[in-house]
Amino acid sequence: MPKDKQLIVFNWKENPATSREADRLFEALAKATGNKARKNIEIVACPPFIYLQELSKKLMIARAHFSLGAQDVFWEDIGAYTGEVGSAMLRGIGKNVQYVIIGHSERRRFLGETDVTVNKKIKAALSAGLHVILCVGEPKEVRKQGIAAARQYIKNQLKKDLQGLDSRLRGNDKKNGDNKKESLIIAYEPIWAIGTGKNADPDDARDMTIFIKKETRQFSDVPVLYGGSVSSSTVADYLCYTEINGVLVGGASLRGEEIVKMVRNVL
Ligand code: PGA
């Protein structure tokens, strides 16, 4: 991710139900982004695995200016791991698939994702040359105890999730090469703000972004996004801060009109 750009990541989660609807969302996004590359904003759509291949082809034909990502990845590239999809498979789809979300709170909550598995997945995805969007964020019970508790919670997550990663991100890992140092992106997603309509106060989100940057300073300039009930009417309130390097959008990314408005409000 180029340093001077802000990122808008659309996380479709387990949506939509049919490939026809996925096509419609694609069209809305293509219409919103247009054929001109934007200097200031980069847009990424993360559909379910099953739509990635087809949408990647469509993207090539449409020459629209956004890229694609997956919502998860397994840490092994190939083998007897029923149901899993590896980084090499994602890379094999083509150069449009550049990103992967890892450690989303819904996976941690419903699918047994732990800091240990998140850590393994990050290592595998970075080694394959994918841009990793690592999600961290505190639950409501922790937030109720105050900001210091929330920070401590996130600090712990970062420590465990990023364990053993420093040489890769500094770019001095021979196998991975220097260009890997910009591949890690962190999304601050307070769990109480996800899908609730209660987006975090932009000033608070900015403060947490700064905190996360400090906690990850050994990796030098990790971009930090905010996620949690971002809509077309609030997106600019986050992106107006240079410390917030973008947003991760769930619910609003499934409504064509909202996508167009959101992209237009920031381009
Ligand atoms: P939301 O989801 O925008 O629906 O709150 C954000 C996310 O889970 O990434």
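Me: What covers the buried residues of H11?
Reply: The cover includes strand E1 (6-11), H1, strand E2 (41-46), helix H10 (235-239) and strand E8 (246-249). Helices (H or I, at least four residues) and strands (E, at least two) are DSSP runs, numbered from the N terminus. Contact means heavy atoms within 4.5 Å.

Me: And where do the coordinates come from?
Reply: This is a predicted model, in which local features need pLDDT of at least 70 and side-chain atom pairs count only at pLDDT 80 or more, while totals for chains, interfaces and linings use all residues. Residues are numbered from 1 along each chain as its sequence is written, and side-chain values use heavy atoms, with hydrogens and water left out.

Me: OK, which residues of H11 are buried?
Reply: In H11 (residues 256-266) they are Glu-258, Ile-259, Val-260, Met-262, Val-263 and Val-266. Buried here is under 20% relative accessible area, exposed is over 50%, and partly exposed is in between (1.4 Å probe, protein chains only).

Me: What does Ala-28 touch, beyond its neighbours in sequence?
Reply: Ala-28 sits in helix H1. Skipping neighbours within four places in sequence, Ala-28 contacts Gly-256, Ile-259 and Val-260.

Me: Why does Ala-28 count as buried?
Reply: Because its relative accessible area is 12%.

Me: Switching to helix packing: how do H1 and H2 cross?
Reply: The axes of H1 (residues 19-33) and H2 (residues 49-62) come within 11 Å and cross at roughly 35°. Axes are lines fitted to C-alpha atoms, for helices over the stretch in contact, and angles run from 0 to 180 degrees between N-to-C directions.

Me: Which residues make that contact?
Reply: On H1, Ser-19, Ala-22, Asp-23, Phe-26 and Glu-27; on H2, Tyr-51, Leu-55, Lys-58, Leu-59 and Ala-62.

Me: H2 also has Ser-56. Is that one buried or exposed?
Reply: Ser-56 is buried, because its relative accessibility is 3%. Beyond neighbours within four places in sequence, Ser-56 is in contact with Leu-68, Ile-93 and Asn-96.

Me: What are the distances to the ligand's oxygen atoms for Lys-13 and Gly-195?
Reply: A side-chain N or O atom of Lys-13 is 2.7 Å from a ligand oxygen. For Gly-195, a backbone N or O atom lies 2.6 Å from an oxygen atom of the ligand.

Key. Polar contact = N/O pair within 3.5 Å; in protein donor to acceptor, adjacent residues only side chain to side chain.
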